[in-house]
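Q: Could you walk me through how to read a few features of this model, one at a time? I would like the general idea and then the case at hand.

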Amino acid sequence: MIPNIVLIGRNNVGKSTLFNKLTNSSSALVGNFSGLTRDRKCAYIKIENKKIILTDTAGIIFKTNKFEKEIMEQTYLALDKADLILFVVNAKESILPEDYYISKKIRKNQKKVLLIINKIDCLQHKTESNEFFRLGFKKNFCISAIRGTGINELIKEGIISWIKNKKIQKNILKAKEYEDSIKVAFIGAPNVGKSTLINKIINKKRLITSNISGTTRDSINIPIKKNNKNYILIDTAGIRKKNKIREKIQYISIQKTFENIKQTEILLFVIDISKQQINKEDLLIAKKILEAQKSIIVVFNKCDLLNQQELKKIYPIISKKLNFLKFCQFQFISAIKNKGINRLLDSINITFNCFKKRSNSAKLTKILQFATEKHQPPYVKGRRIKLKYAHPGGFAPMIIVIHGNQINYLSTTYKKYLTNYFQKSLKLIGAPVTLFFKENQNPFKK
């Protein structure tokens, strides 16, 4: 297994800020809110040319309700899988009972531990940090994750020293297999079953699920292997209308969702079919993901809550409302009942192959000719608009460049007709195609 470094600590000590600093990204949610991180969040980091998994976890708390217990289960699972633990504490506060509780929990696991005394922003805080030595860990590092102070020392004297351990060296494997993975993001409104669906696909309770709207706040990347193919499944925060109480958390979560869309090839747009309607929120999400120029599969979840007659009745309504996504596959599933999951994986593979499809100038020009013969461009100033030839302009997603005369006068409707014609002719199931139009230069015009 690839060695795993896990960040552990109570709420709001700066674990996610340190995670972002070590991964050189803004991947994890950070803010002045207690409990922003809920699920485990993983990322690869490269140190000394070795690939290592870094895992951020939720802050350890003492609350005992069912939802909080589920959050803690994910943290304790990460702790069990850890090869190195970075135990993060807050220098601006005294040692709290939670810190002692966590230190005891860590010792039971008998793993290598580095104590990270974070938020050392001034000399006073550095002096106050001495009390944390009472926690009894040999290796201690004073840092300010937000400013980057002490990070180099942590890497050189802490992490690199650990990497050089012979036992860890044996466990370090090449992780190239996941670099070419199919990246699939699960997008939708809150509580449509995205996390439940991922848990069913991987056949593990990897993500926290509940009927509480907005359970998932951060985007979680999960690498898996199914049928000899590698995937990275990305669970995202539910996209919803603004709520004044949690407006800032929502804003950060949604921004992260759209940032993650950029890194994926396929978007699974999950809709709760049990509501028997496509609402404004669903349409807004659909239009946003269409703009992202990624492959799309529309997944109607919770089909077990409807009978066959109800499903037949709702289908024409769905088709009409989502007519602009008619090039995509519509999959009807029940994540909780494990129905349609294998079919969904087949859809992902089909859509991915379409997304990566290539074509040549001869084929594209031929399709263009067929399209214009079937429906000719209009006349402008007594002359018909001429579309002469087409050639590829890019792949994944496919871009087609069309050359002709008076192209600037082409209507949006005719451009849509051409887009649909290319999509259908090239059999780009779920994969977008973008057309660019280029006016031919008149060689006699000065």
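This is a predicted model: local features need pLDDT of at least 70, side-chain atom pairs count only at pLDDT 80 or more; totals for chains, interfaces and linings use all residues.

Q: Is helix H7 itself mostly covered or mostly open?
A: Burial is read from relative accessible area: buried means under 20%, exposed over 50%, and partly exposed in between (1.4 Å probe, protein chains only). Helix H7 (residues 194-202) is mostly covered, with 7 of its 9 residues buried. Those buried residues are Lys194, Ser195, Leu197, Ile198, Asn199, Ile201 and Ile202. They pack against strands S7 (182-188), S8 (220-226), S9 (229-235), S10 (266-272) and S11, and against helix H11 (341-355). Contact here means heavy atoms within 4.5 Å.

Q: Which other residues have a positive phi although they are not glycine?
A: Lysine 302 is one of them, with a phi of about 70 degrees; lysine 302 sits in the loop between S11 and H10. Alanine 396 is another, with phi near 55 degrees, and its place is the loop between S15 and S16. With a relative accessible area of 27%, alanine 396 is partly exposed.

Q: What kind of peptide bond joins alanine 396 and proline 397?
A: The bond between alanine 396 and proline 397 is cis, and omega is about 5 degrees. Proline 397 lies in the loop between strand S15 (386-394) and strand S16 (398-405).

Q: How many aromatic pairs does the structure hold, and how do I read one?
A: A pair of aromatic rings is described by the distance of the centres and the angle of the planes. Rings of Phe, Tyr and Trp (its six-membered ring) pair if their centres lie within 6.5 Å; planes under 30 degrees apart count as stacked, over 60 as edge-to-face and the rest as tilted. The structure holds 6 such pairs. In one of them, phenylalanine 300 and phenylalanine 330 are edge-to-face, 5.5 Å centre to centre with 70 degrees between the planes. This pair links distant parts of the chain, 30 residues apart: phenylalanine 300 is in strand S11 (residues 295-301) and phenylalanine 330 in strand S12 (residues 329-332). Phenylalanine 300 counts as buried because its relative accessibility is 0%.
A further pair, tyrosine 414 with tyrosine 417, is tilted: 5.4 Å centre to centre, 50 degrees between the planes. Both of these tyrosines lie in helix H13, 3 residues apart, about one turn of the helix, and both are buried.

Q: Which residues form one aromatic cluster?
A: The cluster consists of Phe300, Tyr315, Phe330 and Phe332.

Q: At what angle do H12 and H13 pack?
A: Axes are lines fitted to C-alpha atoms, for helices over the stretch in contact, and angles run from 0 to 180 degrees between N-to-C directions. Helix H12 (residues 361-374) and helix H13 (residues 412-425) pack at about 130 degrees, with axes 10 Å apart. H12 is therefore oblique to H13; angles under 35 degrees count as roughly parallel, over 145 as roughly antiparallel, 65 to 115 as roughly perpendicular and the rest as oblique. On the H12 side, residues including Leu364, Ile367, Leu368 and Phe370 meet a set in H13 that includes Tyr414, Tyr417 and Leu418.

Q: How does H1 lie relative to H5?
A: The axes of helix H1 (residues 15-23) and helix H5 (residues 151-163) come within 11 Å and cross at roughly 70 degrees. That makes H1 roughly perpendicular to H5. Leu18, Lys21 and Leu22 in H1 meet Ile151, Leu154 and Ile155 in H5.

Methods: Residues are numbered from 1 along each chain as its sequence is written. Side-chain values use heavy atoms; hydrogens and water are left out. Helices (H or I, at least four residues) and strands (E, at least two) are DSSP runs, numbered from the N terminus.
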